[in-house]
Structure formats: C-alpha cells, structure tokens
Amino acid sequence: MATSVTPDAISSVLSNPSFDSSSDRPEIVVQVVDLKPIGNRYTFNANDGKTRVKAMFTASIAPEIISGNIQNLGLIRLIDFMVNDISSKSTKYFLVTKCEAVAPALDSEINLESKSDEEAPELKKQKLEHSPANDDAKIDVSTGITLKPKQEFVAKSASQIMSEQRGNAAPAARMAMTRRVHPLVSLNPYQGSWTIKVRVTNKGVMRNYKNARGEGCVFNVELTDEEGTQIQATMFNDAARKFYERFQLGKVYYISRGLLKLANKQFKTVQNDYEMTLNENSEVEEASNEEMFVPERKFNFVPIEELGMYVNQKELIDLIGVVQSVSPTMSIRRKTDNEMIPKRDITLADESKKTVVVSLWNDLATGIGQELLDMADKSPVIAIKSLKVGDFQGVSLSTISRSNVVINPESPEAKKLKSWYDSEGKETSMSSIGSGMSPSAKNGSRSMYTDRVVLSHITSNPSLGEEKPVFFSTRGYISFIKPDQTMWYQACKTCNKKVTEAMDSGYWCEGCQKKDEECSLRYIMVVKVSDSTGETWFSSFNDEAEKIIGCSADELNKLRSEGGETNEFQTKLKEATWSSHIFRVSVTQNEYNGEKRQRVTVKGVAPIDFAAETRLLLEGISKKSQASH
Amino acid sequence: MDTSSPSAFVNGAFMRRYIGQKVRTVVQVIGSDVGSVVGKSTDDVQIVVRGSPPTPLTTYLEVIGIAESEKTIRAETLTNFGNSFDPANFNELCKLANGEFKHLFI
C-alpha cells in the first residue's frame with residue numbers, strides 16, 4: 001500500500017489532456033486537503049506535494065466520507081475521474097467518480113517543495129483554521145478511533161468557532177465553516193437556518209413602484225448554485241437599497257436568513273417552486289477568494305418554431321439564434337407615461353429554418369444593440385434570457401428589464417448553431433415564424449393550429465402538465481353547463497379582484513383598499529366540453545365564458561333573478577349548449593385534498609372557421625394516407 | 001334517407017365519368033342568362049348549367065342535376081352558396097370522394 005503521494009501526478013495529468021479515460025492513466029495517489037461538504041457532495045483540494053488542484057467527489061462517494069473512510073489530509077488513490085474546466089475561470093478541476101482510501105489522515109499537508117518552507121507556518125496556520133478536525137484526527141490515528149468528518153464540523157459550536165477565529169478569518173469564510181452550505185434544491189419555507197452558496201446569474205434593475213399601500217423600490221436577482229438549481233430573490237425598500245450595490249452579476253455569495261415562500265407561477269422566471277425574499281436582517285457575504293463550480297448562467301432555449309405555444313403567456317422564454325439583421329434605433333412613445341424609449345429590432349434564425357423578430361428596448365437597444373449592428377455582417381450567435389412572447393406580426397419577442405443578451409456565448413448550443421449556419425444555414429431560405437401561424441401552413445411546423453389535439457389526448461394522459469402547464473388547441477362542443485354552479489364572483493370595477501360586501505352598503509376591495517357603491521360580476525365557471533373522442537370539464541374565466549354564454553355575467557344574473565315561466569336564464573344556457581368552438585387550453589396539475597387532478601383552463605375561445613377547419617382535416621387525411629403507404 | 005337517386009360529388013374533371021347520371025358540384029358564377037348560367041368549376045373548367053338561376057346570384061352556386069356532357073349539366077336544383085366558399089376544399093373533397101374514399105359515398 002502506498003504511503004505517500006505520487007509525485008508530479010497532477011501536473012502530468014493536467015499537461016496530458018488526452019488522458020480522457022482513466023484506463024490508460026498511471027495510478028495516482030493524492031492527499032485530500034480542505035475537504036468540505038457542499039450540498040450532498042464534497043469538495044477538496046487534491047495535493048501531490050507540489051501542485052494542488054480543485055476537486056470534487058461525486059455524490060456516490062459521500063458515504064465513504066461520512067463513514068470516515070476518506071478523511072481530510074488522508075491519502076486516496078484515484079481510480080476514475082474526469083478533468084473538467086471551471087467555466088468562469090481558465091482553471092481545471094477533477095471530478096472524482098471512483099477512488100479508494102490509501103491512508104488515514106496524516107499530520108499535515110504534504111509539501112515536497114522545500115523552497116516554500118518559509119511559507120509553511122503561515123500555510124499550516126491557515127490549514128488549521130480550515131480544518132478544525134486536524135488535532136482530533138491526530139489523536140484518532142493513535143487510538144485507532146476514526147471520527148466522521150461530518151461530526152468534526154459540528155464538534156464545536158458555531159459560537160465557539162466564531163469566537164476563536166474572529167478577526168483572522170474573513171466573514172465569508174466564517175459563514176462557510178460554521179454552517180453547512182445547503183443545496184438550493186433542499187430549501188423550503190419550513191426550514192430554520194440555512195446558508196446557501198450561489199452565483200448571481202441575473203440582476204434586475206432597481207424599480208420604483210407606487211400602489212395603494214404606498215410607494216417603494218424593489219429589485220430582484222436570480223441565484224444559481226453549483227448544482228444548477230435556480231431561485232429568484234426579491235428585496236424591497238431598505239433591503240433593496242442595502243443589497244443593490246452588494247450583489248454583482250457573476251459573483252458568488254453566501255446568503256442566509258432569507259424568507260422562502262411559494263413562487264407565484266404567473267411571474268416566475270426560473271424553475272423553482274419557491275422564491276426568496278431578503279430583508280434588512282438577511283446576511284449576504286461575498287465569497288471572494290473561493291472558486292466554485294456554479295454554472296455561469298442557465299438557459300432553457302425554446303426553438304423558434306415552437307414559440308407559438310408561448311404567445312401571450314406570462315411565461316418568459318430563452319432564445320438562441322443567429323443574427324440575420326439589425327435595425328437602427330427607433331424612439332417609441334410609451335403610452336402610460338409618454339416617455340420616449342429607444343427600441344431596436346433584430347431578426348434571429350435557428351435550425352428550424354424560422355426567423356423571428358426580437359425587439360430590444362432601452363439600454364439593450366442602445367448598448368448591446370449597437371454592438372450587434374456593428375458586427376451584424378459576421379452573423380453572430382446570441383443567447384437571450386427572459387423574453388416576452390407577443391402576437392404582433394404573428395409572433396414577436398420583446399426584452400424586459402431583466403432580459404440578458406450574451407453575444408457569441410461559449411456553449412455547446414451556440415457552437416452547434418454556428419456550425420449549422422456556416423455549413424448550410426446561410427444558404428437556406430428561411431420563413432418568419434409569424435407567417436407560419438396561419439392555418440394553411442403546410443410545412444409541418446408547430447403553430448397555434450398544428451398543436452391541435454382531441455379531448456382524449458388530454459384525458460388519457462393524467463400526468464400532462466405535471467412539470468409545467470402545457471397548451472393545446474382543441475375543437476369541441478359545449479355539452480353541459482350546470483345551471484346551479486357558482487358562475488361568477490363579485491368583482492371590483494377597477495381591478496377585477498374579488499370584493500366583499502361592506503357592513504353598511506357598498507363593496508370593499510382589498511386590492512385597491514377602497515370602497516365602491518357598485519361591483520360587477522365576473523364569470524368563473526366550469527363547462528363540460530365533448531368531442532368525438534370523449535368529454536371533460538373546462539374551467540373558464542370572464543372573457544372566455546362571456547364568449548361561450550353570449551352575454552356578460554351581469555346580464556345573465558339579471559335573467560336568472562327574473563325567473564318567470566319562460567326562464568330566460570335556462571334558455572340562454574341551452575342556447576350556449578351544443579355549439580362548437582375552437583378552444584385554446586392550458587393543462588395543469590392541481591392538488592386537491594391530497595389528490596392530484598388535471599385542470600383544463602380555457603385561455604381563448606374562437607368561433608369555428610369552417611374553411612380553415614376543413615383544410616386542417618384534409619391535411620390530416622393526406623398525412624395519414626402518406627403514413628400508411 | 002333516400003338513396004334511390006344519389007348524386008356524385010364532382011369537379012370539372014370527374015364529370016365525364018357520370019354522363020347521363022346525377023351529379024352535384026359547386027361553381028363560381030362567371031355569367032348568367034335566362035335559363036342558363038356559365039360557371040367555373042373548382043378545378044378551373046368552364047361549365048354550362050341549364051336551368052333557372054335564383055336571383056340575385058351569389059359568387060358561388062351549388063348545382064345538382066344530370067351531367068349531359070363533360071361540360072354541361074341540366075340542373076334540377078340550384079342553390080346560392082354565398083361569397084366566401086372555399087373552392088380548394090371542395091376540390092379536395094371531390095378527389096377523395098371519387099378516389100381513395102369512394103366506398104364511403106353513394
């Protein structure tokens with residue numbers, strides 16, 4: 001059994017990138033230094049006596065560490081590992097997937113280079129701070145008892161360690177040591193104290209707002225941890241002022257004492273069930289000298305041809321494309337406050353052979369927009385985070401205040417797109433996605449009309465919409481409207497929110513914080529919809545229900561209260577039944593009494609264009625016969 | 001349903017298959033006279049329809065009657081089909097009804 005490290009092992013691996021698989025690599029024994037947990041994994045520095053390199057154990061090795069087999073300052077033989085780049089820096093790290101313990105913890109860090117002798121005391125001191133278990137480990141070896149590193153970390157109380165080290169350790173280091181760093185994915189509102197280590201992957205601008213409860217300012221950041229999990233954190237007023245300067249895009253921070261709450265799915269921009277609010281008492285410390293494997297930024301690209309499904313949804317999308325053209329800046333007068341805002345349109349294309357126009361607003365139009373104009377002839381690839389999808393010219397995209405544009409990003413997607421464009425894309429004729437939104441599109445692209453499904457497609461798949469809402473168009477008949485359901489609610493005439501009847505008279509709106517003598521009724525109803533394959537209930541809100549019923553909720557309520565023998569109310573519902581419509585629906589999963597249920601919500605209702613429907617059917621017939629031949 | 005006197009869906013090209021039999025088609029009106037209408041079939045063949053047209057005529061006219069020749073129909077029923085009829089769809093219907101899905105039609 002080897003009792004020391006393999007000299008120069010690390011530099012030989014680093015200088016031989018061809019050692020892709022470990023099979024042809026010589027055996028490497030290294031010392032584990034600065035072992036610490038990050039989430040459910042452990043990072044350490046691999047030391048061969050001369051060179052140190054950042055390294056990480058995969059989660060599968062964690063039990064070895066917890067059981068004490070692999071110890072800080074111990075020796076391990078690397079059996080299988082990969083050499084990866086840290087994206088943000090030009091350094092490398094080892095990802096260790098298989099290893100075995102060779103020797104338990106040594107007295108100190110192995111240092112084969114004599115010239116660093118003078119540094120040694122300093123180094124040793126630091127090391128001691130970083131691994132409070134050091135002394136214990138020594139004892140362990142002699143008595144033959146091994147303590148688990150995880151326990152070593154909590155062997156001293158946080159305050160003890162804090163007081164011992166106050167003054168000679170950076171605050172961030174204190175936070176890192178005294179608290180376990182939680183992975184973002186493990187956070188929930190019911191958890192006590194936690195510390196996370198995250199990179200700021202997006203930073204919004206400070207916005208001033210004014211509502212019924214007063215005015216203030218707010219900004220938010222998107223945080224990403226090393227596992228790639230993201231969360232949005234919001235700060236108001238004092239907290240916003242306190243942390244606005246501190247949060248720098250791209251830097252890494254330790255954060256604790258934030259509040260978690262369920263994310264508002266309507267406005268969420270990252271994939272997380274929760275969002276975070278930081279107040280004045282929250283702690284935010286920059287992890288300045290620490291390298292970390294947090295990915296720079298995470299995109300969820302939507303191909304241009306699939307944009308149709310996102311039109312006028314609140315969900316924001318990320319896009320990557322090749323710049324086809326860049327317009328000069330224009331000034332647009334904003335309707336709400338008459339302010340002039342610069343805007344610039346760029347046209348992007350991707351491998352779906354579709355193009356789309358993206359409007360850059362404000363600083364993005366003047367800053368990065370100008371840059372793009374200057375290099376437009378080189379057809380750069382750009383990635384944009386957080387775009388709103390509108391229906392102007394069929395489909396159009398707009399930046400919002402927290403959108404981010406990256407020119408020629410270093411990502412596999414960008415490389416793939418660039419090589420496609422260079423090899424065939426620039427010769428190919430492209431069509432605008434907007435023009436493909438018409439029902440006559442025969443090129444098989446997915447647009448509003450071609451994500452058409454029958455009802456059984458929705459009902460036969462109970463897990464639809466589990467991850468995120470999915471959208472379909474469907475043609476069906478209203479087959480039943482339950483007349484005794486709660487069909488509407490009393491709504492504020494200003495904000496449409498639910499109002500309560502005030503004590504004396506009138507209605508109180510919690511949203512506007514004011515009383516009004518009158519309220520209006522707004523539909524919220526379920527209707528049964530049937531087609532040749534099945535039937536299901538659709539939930540429908542005011543605007544869509546008005547189109548289905550054919551009159552406003554106020555009018556229908558009047559008819560109901562009139563009663564009488566002919567009963568106009570019943571007649572109205574009867575008239576609405578057995579008429580067919582095209583529905584745009586979202587399918588989501590709702591939890592009700594601990595049971596998951598599918599919920600189909602009407603997002604749009606349109607009368608049937610028979611000619612267009614016939615074309616769609618003919619297209620279906622010809623596709624089917626093509627497939628069977 | 002009365003199946004004693006079926007009328008086949010035709011466009012201009014399919015007329016010749018049904019000479020002497022009852023057909024049904026839709027034409028775009030080009031001109032009309034007392035007792036006859038000249039129309040364009042959905043596949044661009046000029047067809048003469050003998051019979052009294054309804055007044056006023058809309059752009060599209062449905063014709064049910066006996067095919068006297070490849071390009072003439074003696075009309076039994078003439079119905080205005082409005083101004084926004086989709087001729088391409090009707091033409092495809094004729095192709096399907098006389099081709100792959102003939103067995104579905106009488």
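Let me start with one pair in chain B: Lys95(B) and Glu92(B) form a salt bridge, with their closest N and O atoms 3.2 Å apart. By salt bridge I mean a side-chain nitrogen of Lys or Arg within 4 Å of a carboxyl oxygen of Asp or Glu. Both residues sit in helix 1 of chain B, residues 87-97, and they are three residues apart, about one turn of the helix. Helices (H or I, at least four residues) and strands (E, at least two) are DSSP runs, numbered from the N terminus. Lys95(B) is partly exposed at 40% relative accessibility, and Glu92(B) is partly exposed at 31%. On that scale, buried means under 20% relative accessible area, exposed means over 50%, and partly exposed is in between, with a 1.4 Å probe and protein chains only.

Some ground rules. This is a predicted model, where local features need pLDDT of at least 70 and side-chain atom pairs count only at pLDDT 80 or more, while totals for chains, interfaces and linings use all residues. Residues are numbered from 1 along each chain as its sequence is written, chains are lettered from A and ligands numbered from 1 in the order in which they are written, and side-chain values use heavy atoms, with hydrogens and water left out.

Now chain B as a whole. Its secondary structure is one helix and six strands, and along the sequence the pattern reads β-β-β-β-β-β-α. Chain B has 106 residues, and 40% of them count as buried. A contact here means heavy atoms within 4.5 Å. Taking contacts in chain B between residues at least 6 apart in sequence, 54% join residues at least 24 apart. The chain exposes about 5,700 Å², with carbon and sulfur atoms supplying 51% of that; accessible areas come from the Shrake-Rupley method with a 1.4 Å probe, and for residues only the protein chains shown count as cover.

Chain B has another salt bridge to show, between Arg16(B) and Glu70(B), with the closest N and O atoms 3.8 Å apart. This pair links distant parts of the chain, 54 residues apart: Arg16(B) is in the loop between strand 1 (8-9) and strand 2 (22-33), and Glu70(B) is in the loop between strand 5 (60-69) and strand 6 (72-80). Arg16(B) counts as exposed at 55% relative accessibility, whereas Glu70(B) is partly exposed at 40%.

On to the interface. How many residues does each chain bring to the contact? Chain A gives six residues and chain B gives six residues. The size of an interface is often given as the accessible area lost when the parts come together. Between chain A and chain B the buried area is about 500 Å², and carbon and sulfur atoms give 63% of it. Buried area is the accessible area (1.4 Å probe) that two parts lose on being put together, summed over both.

The two chains share one salt bridge. It joins Arg615(A) to Asp86(B), with the closest N and O atoms 2.6 Å apart. On the side of chain A that touches chain B there are three nonpolar, two polar and one charged residues. In that count Ala, Val, Leu, Ile, Met, Phe, Trp, Tyr, Cys and Pro are nonpolar, Asp, Glu, Lys and Arg are charged, and the others, Gly among them, are polar.

Last, the inside of chain A. Val33(A) lies in strand 1, residues 28-38, and is buried at 1% relative accessibility. Leaving out residues up to four places away in sequence, Val33(A) touches several residues, including Phe44(A), Arg52(A) and Glu109(A). Val33(A) and Arg52(A) are 19 residues apart in sequence and 8.8 Å apart in space, C-alpha to C-alpha.

Glu109(A) is in the loop between strand 5 (92-103) and helix 3 (120-130) of chain A. Is Glu109(A) buried or exposed? Glu109(A) is buried, with a relative accessible area of 12%.

One more pair in chain A: Arg77(A) and Glu100(A) meet in a salt bridge (2.3 Å, N to O). Arg77(A) is in strand 4 (residues 75-85) and Glu100(A) in strand 5, so the pair ties together parts 23 residues apart in sequence. Arg77(A) is buried at 15% relative accessible area, while Glu100(A) is partly exposed at 33%.
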